[in-house]
Amino acid sequence: MRTADRTGRPGRPGPPRPPPAPAWQSGGSTAHLLGTDQLGRDLLSRIVYGTRVSLLVGAGAALLAGVIGTVAGLASGYLGGWTDRVVMRVADVQLAFPAILLALAVVGFVGSGLGYVILVIGITGWVSYARVVRSEVLSLRTRDFVTEARAIGVGDMAIMRRHLLPNVMAPLATIGTLHIASAVVAEASLSYLGLGVPKETVTWGGMLSDGQLYLGTSWWIAVFPGIALMLTSLSINILGDALRDVADPKAYRR
C-alpha cells in the first residue's frame with residue numbers, strides 16, 4: 001500500500017502488513033484461531049484439509065506395499081529355492097538405496113500427483129512386509145496342518161491362501177499401522193521439496209515449504225503444520241505399538 005507524506009502527495013509503498021496472528025497473541029482474532037497464512041487463508045482450515053490428503057496417502061501406500069510385500073513374502077517363504085533367492089536379492093538391492101532418495105528419483109521420473117505419490121511410496125515400502133511374512137512362513141510351513149494339507153493333495157496356492165495368510169495377518173496389521181506413519185512423513189517430505197502432491201492441493205509439506213520464508217515474522221504459518229505432522233505420526237506409532245502388544249501377548253508380558 002502507498003503512504004502519503006506531509007504535503008498529501010503519495011509517497012513510497014509501505015511495508016506489507018503481516019498476516020493475522022493466532023487468537024491468543026496481540027493482533028489475533030477468534031475468527032482465525034491459529035492465524036492465517038501469507039495470503040490471508042485460515043490456517044486451521046488448511047491444516048484440517050491437509051489431514052485428509054496425508055491420511056489418504058498413508059493408508060493407500062501402506063495398503064499397496066502390504067499387498068506387494070505379502071505376496072512376495074508368501075511365495076519366498078513357502079516355495080523357497082530360486083523364488084526365495086530372487087525375491088530376497090531384489091529386496092537387498094532396494095534396501096541398498098535410502099527410501100526417500102529412491103522415492104525422489106522415481107517421482108522425478110514419472111511426475112508428481114496424488115496417485116503417483118501413493119504408488120511410489122507403496123513400491124518403496126514393500127520390503128519390510130516381505131521380510132516379516134517370509135520369516136513367519138518359514139516357521140509355519142513345517143507345522144502339521146501344512147504338512148497334512150500337502151499330503152492330501154491341496155495345492156500350493158490354496159495352502160498359502162487358506163492356511164498361511166490368516167496366520168500372518170497379526171504382524172501385517174502392526175507393520176501396516178507403523179508404515180502409515182512413515183508414509184505420511186514421506187509424503188510431507190516430497191511435498192516440501194515440491195515433488196509430491198501438486199501445489200494447488202493443500203498438504204502439510206507444502207504448508208511447511210511456504211511458511212519457512214516467514215519464520216522470523218509469522219512463525220505460526222510453518223510451526224502449526226509441523227506440529228500436526230508430528231502429532232499424527234506419534235499417534236499412529238502409538239497405535240501400532242498397541243496392536244503389536246495385542247498381537248503378541250507373550251512379548252508384552254516380558
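Modeller: The buried residues of helix α4 pack against α1, α3 (99-110), α5 and α8 (169-192), where packing rests on contact, that is, heavy atoms within 4.5 Å. This is a predicted model, in which local features need pLDDT of at least 70 and side-chain atom pairs count only at pLDDT 80 or more, while totals for chains, interfaces and linings use all residues. Residues are numbered from 1 along each chain as its sequence is written, and side-chain values use heavy atoms, with hydrogens and water left out.

Helices (H or I, at least four residues) and strands (E, at least two) are DSSP runs, numbered from the N terminus. In helix α4, which covers residues 114-123, the buried residues are Val117, Ile118, Val120, Ile121 and Gly122; buried here means under 20% relative accessible area, exposed means over 50%, and partly exposed lies in between, with a 1.4 Å probe and protein chains only.

Tyr116 also has its place in helix α4, but this residue is partly exposed, because its relative accessible area is 40%. Tyr116 belongs to a nonpolar surface patch of about 620 Å², which is made by Ile68, Val106, Phe109, Val110, Tyr116, Leu119 and Ile123. The elements that give two or more residues to this patch are α3 and α4. Patches are made of residues with over 30% relative accessible area and no salt bridge, like charges being joined within 9 Å and nonpolar side chains (Val, Leu, Ile, Met, Phe, Trp, Tyr) within 5 Å. The accessible areas come from the Shrake-Rupley method with a 1.4 Å probe, and for residues only the protein chains shown count as cover.

In soluble globular proteins, nonpolar side chains tend to be buried together.

Leu74 lies in helix α1, residues 43-79, and counts as buried because its relative accessible area is 9%. Not counting residues up to four places away in sequence, Leu74 touches Leu79, Val133, Val137, Met160, Leu164 and Leu165. The C-alpha atoms of Leu74 and Leu164 are separated by 7.8 Å, although these residues are 90 residues apart along the chain.

The side chains of Arg134 and Asp84 meet in one of them, at 2.7 Å from N to O. This pair links distant parts of the chain, with Arg134 in helix α5 (residues 126-140) and Asp84 in helix α2 (residues 81-95), 50 residues apart. Arg134 is partly exposed because its relative accessibility is 22%, whereas Asp84 counts as buried at 15%. Beyond its neighbours within four places in sequence, Asp84 is in contact with Ser76 and Arg134.

Arg89, Asp92 and Arg131 are linked in a network of salt bridges. Arg89 pairs with Asp92, the closest N and O atoms being 2.9 Å apart, and these residues both lie in helix α2, 3 residues apart, about one turn of the helix. An α-helix has 3.6 residues a turn, so residues three or four places apart point the same way. Arg131 forms a salt bridge with Asp92 as well, its closest N and O atoms being 2.6 Å apart. That pair links distant parts of the chain, Arg131 in helix α5 and Asp92 in helix α2, 39 residues apart.

Notes. A salt bridge is a side-chain nitrogen of Lys or Arg within 4 Å of a carboxyl oxygen of Asp or Glu.
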